[in-house]
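Subject: Structure for your files

Hello,

Here is the structure I said I would pass on. Please open it alongside this message; my notes on what was found follow below.

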Amino acid sequence: MHELKRGGIAVIDYGSQYTQLIARRIRELGVYSEVFAFDGDADQINRHEPAGYILSGGPNSVYAPGAPQLPGFVLVADRPVLGICYGMQLLTDALGGRVSAASEREYGPATITHAAQSPLLDGLQPELQVWMSHGDRIEALPPGFKSLARSSNSPQAAIGDLERNLYGVQFHPEVQHSAQGSAILSNFVFRICGCLAKWSADAFIRDAIGSIRAQVRNERVLLALSGGVDSAVTGALIHRAIGDQLTCVFVDHGLLRKGEAEQVVAVFRDELGMNLIAARAVETFLSGLQGVTEPEAKRKIIGKLFVDTFSREARRLQGVRFLAQGTIYPDVIESAADSKSAKTIKSHHNVGGLPDDLRFELIEPLRDCFKDEVRKIGLALGLSDAIVWRQPFPGPGLAIRCLGEITWQRLEKLRAADAIYVDALRDAGLLRRGTAQSFAVLLPVKSVGVMGDNRSYEEALVLRSVTTDDFMTADWARLPYELLAKVSAQIVNEVPGINRVTYDITSKPPGTIEWE
Ligand code: XMP
């Protein structure tokens, strides 16, 4: 249940792919911010008196039949409003201005220049690089408004009614391509809305502990712990809130990275003292996956076996009412669960589809957080760097990085190569900076090589490293050639069965980060 904390910024969602980024940029400024559906419950949005509203962009045209509307309270609340793109057009339309289809769509980088003094653009350079993405544009401003900035294509790139604190921008200040976007959001949040920078990982933890306790009371909670950052931080957070009322189940399916299963038990059971059940199910998973090569089939089988194994352990525990999940925001958007306009890309693996006799209420304390925020929360909870700076790892594990048929021998090959690669990146200081996710992928493709005087005919390995902030788009990391050379030589020399190493230079889109 969303509840905006007092003095934060409510972001109203009109379906832009960047909506969550707006909230995240504002949290980066130290101000609490959350996203709400445009047709969400007004009382819920306003219960804690937001300091201002931001209306997101969206794919619609304000005049299209059924186009999402401005909630009534936005204009009567007497609070500052910033409309971004579609949000600006809505504001214009609602206040008596006119919006029309532009003769040219404006998409991509643009330069804007100031047209008038305003607190929104105060202190910024005279020329700003921004990211545009819109078809419609403002034809006539509503009474009381003036243009604050113009681009070559639109005389109203930024508009405002300074008396009433209503603003609109035609571009997207939340994306990295808008160089001074954060400064614009900062002006809105601090100068116009008068917010105080109070949001921090500690504040998040304090609030989350309060909500978890209020929700759980004296009931029991179950968590599937994968050892990845998200479930680890979820576990530590809930454990901090309710201690022994939390039981974690760790399913060891044999698809983990080198040394990972042992580490999960050592950290969570031995160091943190959490109730942890380690269910070993390697043989079950390997036999279930035998002969399966199709990516979605692999995901489905793993999902089902995971649920079976997890359910068996859950049934042994009596009286559990809640199931906790380490869902974070990119999981939500990629699974298209929360936005009416998003599309499903891959069926993400989570503890979905539990049998009918296992009905739990869900707890997802990190649902609105991005990965870097989760890490900050993890560190503030006292988790070690080794856990918090773990490489992100997909639920189906190495199965979707071991292309083709999965056998124990191929998994071991992949584990060994992956460990060499990730260790080399860590030694070079490239795990925390320079790459966001790095791993090896084993291909079911054999090629000819020469080892000593002998011909070899072995499988090929791909190294993949990407840079990204949010995992929704990504670029391939420009790693030093020397590092790639060293890793390639070490893998071919030390891992039997691999005689060729390649580096993946595909960005997302059009690629995805994982290969399956
Ligand atoms: P893609 O391959 O979709 O991956 O670009 C984006 C991010 O999501 C991770 N990923 C998953 N995480 N369950 C998860 O929990 C999954 O089924 C899954 N598939 C991909 C991937 O590792 C990357 O960080």
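The model is a predicted one. I start with a sheet in it: five strands make up an open sheet with parallel pairing, and their order is β12-β11-β10-β13-β14. At its edges are β12 (275-280) and β14 (361-363), each of which pairs on one side only. Between neighbouring strands of this sheet the average turn is 30°, with direction ignored.

Within the sheet, strand β10 (residues 220-224) and strand β13 (residues 320-324) run parallel and are joined by four bridges. If you want a position to look at there, valine 221 has phenylalanine 322 in β13 as its bridge partner.

Two helices lie across strands of the sheet. Helix α6 (residues 201-216) lies across β10, β13 and β14, and its direction makes an angle of about 165° with β14. Helix α8 (residues 260-271) lies across β11 (246-252) and β12, and runs at about 165° to β12.

Helix α6 also packs against another helix. Its axis and that of helix α7 (residues 229-242) come within 9 Å of each other, crossing at roughly 65°. The crossing of α6 and α7 is right-handed. On the α6 side the contact is made by Phe204, Ile205, Ala208, Ile209, Ile212, Arg213 and Val216, and on the α7 side by Leu237, Ile238, Arg240, Ala241 and Ile242. Sorted by class, the contact of α6 with α7 comprises 10 nonpolar residues and two charged ones, with no polar residues.

As for the chain as a whole, it has 15 helices and 18 strands. Its C-alpha atoms fill a box of roughly 80 × 60 × 40 Å along the principal axes. The radius of gyration is 25 Å, which agrees with a compact globule, because a globule of 516 residues would have a value near 24 Å.

How far can the coordinates be trusted? The average pLDDT of the chain is 90, and 94% of the residues score at least 70. Over residues 1-5, however, pLDDT is below 50, and the model gives this stretch 23 contacts beyond near neighbours in sequence. Residues 336-349 likewise stay under 50 in pLDDT, and the model has 35 contacts for them beyond four places in sequence. Where pLDDT is low, predicted coordinates should not be read in detail.

Some backbone details remain. The peptide bond between lysine 508 and proline 509 is cis, with an omega of about -15°. The bond from proline 509 to proline 510 is also cis, and there omega is near 10°. Proline 509 is in the segment after β18 (498-503), and proline 510 is placed in the segment after β18 as well.

Lastly, aspartate 78 has a positive phi, near 60°, in a residue other than glycine. Aspartate 78 sits in the loop between α3 (73-76) and β4 (81-84).

Regards

Conventions:
Residues numbered from 1 in each chain as written. Predicted model: local features only at pLDDT ≥ 70, side-chain atom pairs only at ≥ 80, totals over all residues. Heavy atoms only, no water. Pairing = 2+ DSSP bridges. Axes fitted to C-alpha atoms, helices over the stretch in contact; angles between N-to-C directions. Contact = heavy atoms within 4.5 Å. Left-handed = near helix turned anticlockwise from the far one by under 90°. Nonpolar A, V, L, I, M, F, W, Y, C, P; charged D, E, K, R; others polar. pLDDT = per-residue confidence, 0-100. Rg over C-alpha atoms; globule rule 2.2 N^0.38 Å.
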